[in-house]
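Here is a walk through the strand pairing in one model. Keep the structure open while you read.

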Amino acid sequence: MLKKTQLCGIVIALIASSSVWAADQTIALKDGRQVILHDNFTWQYKAQTNNSVTSPTLKTTTATSAVAIPIISAPKGVDVELGTTKAIQQLSDSGMDVLLTAAHYEDGTLIIPTMMTNQSSKSVVNVTMKVRLSNSDGQTIATDEFTVWRSINRMPDTYFRPKTQHQGKPITFDVPKAERYFIDAEITDVDMR
């Protein structure tokens, strides 16, 4: 009789724990932000009540180790510091998130890699950005438009599918090397199919 009662208790505990595990869970990060963990192995930041802005960092979201772009509102222009591993800025438009990751300088060129997530329900075939680069004195030293994603027309295999992530083309400027720059970037066109 005792074993039957223990077995029954174990079964009830397993059922209760599996239903709790299947529900969304909220955890707090060391920096105070809260993250909601969903039962489909995805996550998102919980909306903050204050207006504080934090630096975005790359996170893994699924068993396939895909890099996700956090949902963070960043000021329009930001400092770019060479030698740091922190992401620079996240931009969003029409369900397309573009993360400007840590910049580096190589052979006379400032290189800012991009990482993108298509949050929309349509495939993306083109993403264009306008970027202005200034020196530490605030003087504009370069301005250009960059196509960070382009699919091949009428080749659906090359389209940026909904709910996926890809590395985009880097943003590059041939400028003198400096310890810091200031970048003002915006997404100017997202072409969807």
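Two strands count as paired if DSSP finds at least two bridges between them. Strands themselves are DSSP runs of E, at least two residues long, numbered from the N terminus. The model is predicted.

Start with the sheet of four strands. This sheet is open, and its order reads β6-β14-β11-β12. The pairing is antiparallel. Which strands stand at the edges? They are β6, residues 77-81, and β12, residues 140-150. Each has a single partner strand, so one side of each lacks a neighbour in the sheet. From one strand to the next, the twist averages 30°.

Now look inside that order. β14 and β11 follow one another there. Strand β11 covers residues 124-134, and strand β14 covers residues 180-192. How many bridges join this pair? There are ten, and the sense is antiparallel.

In general, the strands of a sheet pair through backbone hydrogen bonds, and the pairing is either parallel or antiparallel.

Turn to the sheet of three strands. It is open too, with the order β1-β2-β3. Here the pairing is antiparallel. β1 (25-28) and β3 (43-45) are the edge strands, and each pairs on one side only. The twist in this sheet averages 25° from one strand to the next.

Strand β2 spans residues 34-37. Four bridges join β2 to β1, and the two run antiparallel. Which residue of β2 stands opposite I27? It is V35.

Technical notes: Residues numbered from 1 in each chain as written. Predicted model: local features only at pLDDT ≥ 70, side-chain atom pairs only at ≥ 80, totals over all residues. Heavy atoms only, no water. Axes fitted to C-alpha atoms, helices over the stretch in contact; angles between N-to-C directions.
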